[in-house]
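Please walk me through this structure. Begin with the overall fold and end with individual residues.

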Amino acid sequence: MNFDFREIITATMVLFAVIDIVGSIPIIIDLRSKFGHIQSEKASLVSAGIMIAFLFVGEEILKLIGIDVNSFAVAGSFVLFFLALEMILGIRLYRDEQASSASIVPIAFPLIAGAGTMTTLLSLRAEFQPINIIVAILLNIILVYVILKSSSKIERMLSKNGLSIIRKVFGVVLLAIAVKLFATNVKGLFI
């Protein structure tokens with residue numbers, strides 16, 4: 001196993017920015033107030049399972065339909081770019097359907113392990129070793145669990161302005177990552 005701490009830290013930061021669990025606290029708080037208790041453990045485990053499975057099976061699915069990882073990574077860089085714009089500008093370019101319950105479906109998928117996360121995982125796979133990405137996923141899931149468990153305390157600690165600032169900072173980080181991902185993988189399309 002080739003653990004590379006630089007890769008782990010980079011992948012962890014990328015996934016943290018894409019999952020945006022801190023920015024999702026208002027959504028989590030709203031779901032909790034509408035539907036009651038959120039099962040933090042279950043949501044975290046299901047999210048981890050989805051992400052790790054997609055990390056390995058996603059590339060095979062792409063091969064099956066004739067798309068290479070570089071093409072998917074370039075497409076993923078566009079998704080990350082628009083996610084970053086949403087975070088920075090405070091706008092919604094894409095709106096999911098309203099959740100009917102606070103079960104695994106709205107929390108684990110698509111809130112935590114959504115389309116942006118899936119795209120990011122395959123994009124990271126084009127650059128990093130799978131073991132380092134798995135460690136990054138697990139580190140993020142631990143953080144997701146802690147935030148889900150203590151969302152009401154976090155809401156009291158940070159004001160709406162505090163959450164907004166954090167979201168914008170991670171939006172800028174994600175925007176820079178999207179540009180780097182595009183620049184790294186676009187060359188592979190023409191080779």
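**Overall build**

Of the 191 residues in the protein chain, 41% are buried. The model is a predicted one. Its secondary structure is quickly told: the protein chain has nine helices and zero strands. Read from the N terminus, the order is α-α-α-α-α-α-α-α-α.

Next, the dimensions. The C-alpha trace of the protein chain spans about 50 × 35 × 30 Å along its principal axes. The radius of gyration is 16 Å. A compact globule of 191 residues would come out near 16 Å, so the value agrees with that rule.

The contacts can be sorted by sequence separation. Take those in the protein chain between residues at least 6 apart in sequence: 91% of them join residues at least 24 apart. The accessible surface of the protein chain amounts to about 10,300 Å². Carbon and sulfur atoms account for 68% of that surface.

**Helix α4, inside and out**

Now pick out α4, residues 69-89. This helix has 21 residues and reaches 30 Å from its first C-alpha to its last. That is close to the 30 Å expected at 1.5 Å a residue.

Which residues of α4 are buried? They are Val69, Ala73, Val74, Gly76, Ser77, Leu80, Ala84, Glu86 and Met87. An α-helix has 3.6 residues a turn, so residues three or four places apart point the same way. The cover over the buried residues of α4 includes α1 (5-19), α3 (40-64), α6 (115-125) and α9 (160-186).

The surface side comes next. Phe78, Phe81, Phe82, Leu89, Ile91, Leu93 and Phe182 make a nonpolar surface patch of about 630 Å². Which helix gives the most to the nonpolar patch? Helix α4 does, with four residues.

Leu89 is one of the patch residues, and Leu89 is found in helix α4. Is Leu89 buried or exposed? Its relative accessible area is 53%. The cut-off for exposed is over 50%, so Leu89 counts as exposed.

**A buried serine in α3**

Finally, turn to α3, one of the helices that cover the buried residues of α4. Ser40 is found in helix α3. Its relative accessible area is 2%. Buried means under 20%, so Ser40 falls in that class.

What is Ser40 in contact with, leaving aside its neighbours within four places in sequence? The partners are Tyr145, Leu148 and Lys149.

Conventions: Residues are numbered from 1 along each chain as its sequence is written. This is a predicted model: local features need pLDDT of at least 70, side-chain atom pairs count only at pLDDT 80 or more; totals for chains, interfaces and linings use all residues. Side-chain values use heavy atoms; hydrogens and water are left out. Patches are made of residues with over 30% relative accessible area and no salt bridge: like charges are joined within 9 Å, nonpolar side chains (Val, Leu, Ile, Met, Phe, Trp, Tyr) within 5 Å. Accessible areas come from the Shrake-Rupley method with a 1.4 Å probe; for residues, only the protein chains shown count as cover. A salt bridge is a side-chain nitrogen of Lys or Arg within 4 Å of a carboxyl oxygen of Asp or Glu. Helices (H or I, at least four residues) and strands (E, at least two) are DSSP runs, numbered from the N terminus. Buried means under 20% relative accessible area, exposed over 50%, partly exposed in between (1.4 Å probe, protein chains only). The radius of gyration is taken over C-alpha atoms; the globule rule is 2.2 Å times the number of residues to the power 0.38. Contact means heavy atoms within 4.5 Å. The expected span of a helix is 1.5 Å times one less than its number of residues.
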